[in-house]
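Good morning, and thank you for the time on today's agenda.

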Amino acid sequence: MRLSVEPTGRTEYGPGVIAELPGFVDSLGHRRAFVVTDRGLRATGIVERVEKILAAAGIEHAVHEDIGPNPSTAELDRGAARLRAFGTATVLALGGGSALDAAKGVSLLAGNPGAAAADADRLWDAAAGLPLIAVPTTAGTGAETNGFGVTEDVCARRKVYIGHASVKPRIAVLDPELTLGLPAGITAATGLDALVHGIESLASRGATPFSAAYATQAVGLVGRWLPVAYRDGGDLEARAELMLGAHLAGHALTLSGLGLVHGIGHALTAHTGTPHGVALAAVLEEVMQFSAAAAGEAYEATARALHVTPAGSAAAIEAVREISGAIEIKRPLRELGVTREEIPEIAAAAVADAVTKNAPRLPSAAEVAELLRSVY
Ligand SMILES: NC(=O)c1ccc[n+]([C@@H]2O[C@H](COP(=O)([O-])OP(=O)(O)OC[C@H]3O[C@@H](n4cnc5c(N)ncnc54)[C@H](O)[C@@H]3O)[C@@H](O)[C@H]2O)c1
Ligand SMILES: [Fe+2]
């Protein structure tokens, strides 16, 4: 085997670590910060807390809050225009995956003055973006571990991946206190996303001993602590372990790629607007069952990480069913707004999605359609 693995980046983790933000900004060579966050976050008090920390340290800053869930290219362009006007700064990405992804696009566009977000395909080799610090406020996507984001080109009606090596966050600041107020439904959806990242990474065709090390630890932490954090959102230990697990799962998937659960999940979200984690939950155990013959070792590792015996596919699938039940997230497709007529189209989109190419058992569209009918 020939392996080439990049160092995975700087992580600053722990309750209250957000107070050290000024030092992190300084360490990147700027005393100015451009905060990119989403519209919903102000109400949690987190934006104000960050503003106070920056102001107390005399760091000049602006807050850009004009970002919604599944950000659009238009939102990225507006953010970039504002950052260009603000001038050179460290970009502080603050929020869930949506805000983190948007901040990467905004930072990259600011480094390429003539470019617009719709040019994403050719920006991968363009000039560097501004340096970025990521502060996730959900424990799920792991978007703080990589240099790309997903955005919606509303004009061309397509998903666009916008990214560049330079906008991979220089520092991931993981403060579990920021997730204490996350509502139970969002805790469940984002946490399940992290669990799937770990499981799909283990079973991916792109898995290596490095990704497996991250993924195994991630599955163990998320599997144990997600139900606890769901039941009691104020449990700081559970929030802390879950956040660490989601971050490690991010490293895992960035190294290995994912699989069919995400292929189907993306297609379901595109058709119905279902939150990412809820879409994944709808088909997780069924995809594991479908893949079991080709993913024996990975599911054995999953079972071991979840401490269930005998370590094998059946026990792993049962353990996942239990976690999903404990966080009350699984819905039949009909409840997500899918019509029976749409199933072939969703199946075709799932098979065509780039993430599906790493699935341990490659499905045909007919097989995915059958699987979808079984959870209708
Ligand atoms: N770059 C990547 O590697 C990657 C991976 C997976 C998903 N994504 C992207 O991430 C996005 C999904 O991210 P997400 O699941 O974190 O959801 P999100 O960022 O859309 O946030 C969901 C909701 O939670 C709210 N919220 C966030 N933090 C909160 C807090 N601490 N307290 C209360 N409310 C809070 C937000 O305001 C928002 O309304 C999608 O756009 C997806 O495409 C990116
Ligand atoms: Fe995901």
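This is a predicted model: local features need pLDDT of at least 70, side-chain atom pairs count only at pLDDT 80 or more; totals for chains, interfaces and linings use all residues.

Residues are numbered from 1 along each chain as its sequence is written, chains are lettered from A and ligands numbered from 1 in the order in which they are written, and side-chain values use heavy atoms, with hydrogens and water left out.

Let me begin with the domains. The protein chain splits into domain 1, residues 10-178, and domain 2, residues 182-374; such bounds come from an automatic or database domain assignment. Their centres, taken over C-alpha atoms, are 26 Å apart. Domain 1 brings 19 residues to the contact and domain 2 brings 20, where contact means heavy atoms within 4.5 Å.

How much area do domain 1 and domain 2 bury between them? The figure is about 1600 Å², with 68% of it on carbon and sulfur atoms. Buried area here is the accessible area, with a 1.4 Å probe, that two parts lose on being put together, summed over both. On the domain 1 side, Tyr 13, Ala 139 and Thr 145 lose the most area to domain 2, together 33% of what that side buries.

As for polar interactions, 5 residue pairs are in polar contact between the domains, both residues at pLDDT 80 or more. A polar contact is a pair of N or O atoms within 3.5 Å; within protein, one must be able to donate a hydrogen and the other to accept it, and residues adjacent in sequence count only if both atoms are side-chain atoms.

I turn to the ligand. Ligand 1 is surrounded by 23 residues, the closest being Asp 38, Gly 97, Ser 98, Thr 137 and Asn 146; the cut-off is a heavy atom within 4 Å. The side chain of Asp 38 places an N or O atom 2.8 Å from an oxygen atom of ligand 1. Backbone N or O atoms also approach a nitrogen atom of ligand 1, at 3.2 Å for Phe 148 and at 2.9 Å for Leu 178.

Finally, the local features. The whole structure contains 17 salt bridges. One of them joins Asp 66 to Arg 39, with the closest N and O atoms 3.1 Å apart. The peptide bond from Thr 309 to Pro 310 is cis, with omega near -10 degrees. Asn 70, a residue other than glycine, has a positive phi near 45 degrees.

How values were computed:
A salt bridge is a side-chain nitrogen of Lys or Arg within 4 Å of a carboxyl oxygen of Asp or Glu.
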